[in-house]
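Subject: Structure handover

Hello,

Here is the structure to take over. My notes follow below it.

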Amino acid sequence: MRPFSLDTGSASPGTSKQFRQGTHRVATPEQTLERVQRLMPVMGITRVANVTGLDTIGLPVVMVTRPNARSLAVSQGKGTSLAAAKASGLMESVEAHHAEHITLPLKLATYNELRFRSPVVDVDRLPRLSVSLFHPNWRTLWVEGVDLLGAGPLWLPFDLVHTDFTLPLPTGSGAFLMSSNGLASGNHVLEAMLHGLCEVVERDATALWHVRGAQAQAATRLKLDSVDDAGCRQVLDLYERAGVAVGVWETTSDVGVPAFSCYIVDREPEPLRPVAVAGGMGCHPSRAVALMRALTEAAQSRLTRISGARDDLHRKAYEAAREGVAAERLRKRLAEEPAVREFHQAPHHDADTFEEDLAWVLAKVRSVGVSQVVAVDLTKPELGLPVVRVVVPGLETTHEAPGYQPGPRAQQVMRGGAR
């Protein structure tokens with residue numbers, strides 16, 4: 001496995017950010033598209049569809065299809081321009097393809113067999129299924145990653161890395177929670193790594209925020225008129241013109257990396273066109289980028305339901321939209337719950353290089369007792385598109401995933417402890 005380098009010394013200028021419009025990248029969306037589009041047939045990507053016009057908001061959203069996918073056959077992308085949305089959707093499809101077709105060496109062993117001959121991740125801090133079958137003599141597949149906190153190579157359960165959900169599942173499945181959490185792609189491996197790590201921190205922060213209770217959540221609602229980022233203001237203006245009500249809550253946890261959750265709903269009920277409540281999350285060292293991700297993901301989520309093309313949408317989601325109970329509940333909450341938090345109160349870090357950003361986030365997760373941050377490089381040399389899976393033992397995972405059970409951090413919050 002190729003070693004990761006986080007050297008930020010003066011001998012190297014670092015990996016600088018070349019694009020800063022709503023996100024931080026080493027290349028423009030147009031450059032990303034030029035690089036990826038020629039490889040679409042190899043990865044089974046057959047179509048990129050602009051679905052923006054199916055909604056009234058006007059924020060660019062696309063859907064990308066891979067008919068023979070081994071997980072989701074439809075990916076979504078969003079952005080402040082159509083090129084950015086296409087790049088977003090294509091890269092999401094790229095990372096899914098890579099995680100479905102992993103060709104790295106695997107080991108079939110029990111934890112007790114493996115731990116005496118290879119360095120192994122702290123399995124006691126990994127997210128398990130509520131009906132987990134794991135025990136130290138449970139035989140399962142393992143894959144090698146690298147600890148970004150400096151401990152070197154580490155083996156971790158394959159379930160936490162792959163997204164090949166075709167049946168039968170790989171040998172030894174049924175112990176750990178399988179999801180796409182921490183799976184990320186980028187124009188550079190450091191860009192992908194930062195994206196994956198921020199997603200893991202985001203899911204942890206969101207899970208903790210959801211178990212805080214209504215009173216604690218209310219204290220985190222963001223004053224939208226305090227947002228001073230021009231890009232975020234443009235997206236908020238799009239919602240306003242479309243008659244869509246927006247609620248944003250700062251979900252930043254004790255980790256201290258800016259995180260937000262956004263929920264949107266039609267300001268007035270539309271009986272002939274009921275649209276479900278939609279939400280989005282975002283996390284990034286820059287509070288403006290974190291908020292932009294939450295705002296744009298909410299619009300993407302809403303259009304995903306409108307288009308109806310994503311293969312994990314269930315009938316009950318549309319039944320709930322037709323009934324309108326959740327929509328009325330959100331309208332009531334937005335009308336009665338005061339917004340109290342200023343945008344500038346959120347933490348903020350904006351370095352010139354990805355090395356600096358990544359080192360900052362790693363220091364933040366280490367400060368809450370995290371001792372391992374494992375990255376598995378899924379990049380295929382023949383394609384040259386950086387894809388990484390990041391796993392952080394000890395942080396909470398996707399709280400909405402089937403089989404999720406609260407970990408120690410969520411349990412502490414549920415007992416009344418602050419995070």
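**Domain interface and cavities**

Across the interface of domain 2 and domain 3 the rule finds zero salt bridges, a salt bridge being a side-chain nitrogen of Lys or Arg within 4 Å of a carboxyl oxygen of Asp or Glu.

This is a predicted model, in which local features need pLDDT of at least 70 and side-chain atom pairs count only at pLDDT 80 or more, while totals for chains, interfaces and linings use all residues. Residues are numbered from 1 along each chain as its sequence is written, and side-chain values use heavy atoms, with hydrogens and water left out.

The protein is divided into domain 1 (29–102), domain 2 (106–186 + 368–408) and domain 3 (200–345); the bounds come from an automatic or database domain assignment. The C-alpha centres of domain 2 and domain 3 are 29 Å apart. Eleven residues from domain 2 and ten residues from domain 3 make the contact (heavy atoms within 4.5 Å).

Between them, domain 2 and domain 3 bury about 910 Å², 67% of it on carbon and sulfur atoms. Buried area here is the accessible area (1.4 Å probe) that two parts lose on being put together, summed over both. On the domain 2 side, Leu395, Glu396 and His399 lose the most area to domain 3, together 47% of what that side buries.

A search of the whole structure finds three cavities of 30 Å³ or more. A cavity is a set of points on a 1 Å grid over the protein atoms alone where a 1.4 Å probe fits but cannot get out, and lining residues have an atom within 4 Å of a point. Grid points are joined across faces, edges and corners, and a volume is the space filled by probe spheres set on the points. The largest cavity has a volume of about 160 Å³. Its lining has 13 residues, of which Pro127, Leu160, Asn181, Val391 and Thr397 lie nearest the centre of the cavity.

Regards

Notes. 1 Å grid on protein atoms, 1.4 Å probe; cavity = no way out; pocket = protein on both sides within 12 Å on 5 of 7 lines; lining within 4 Å.
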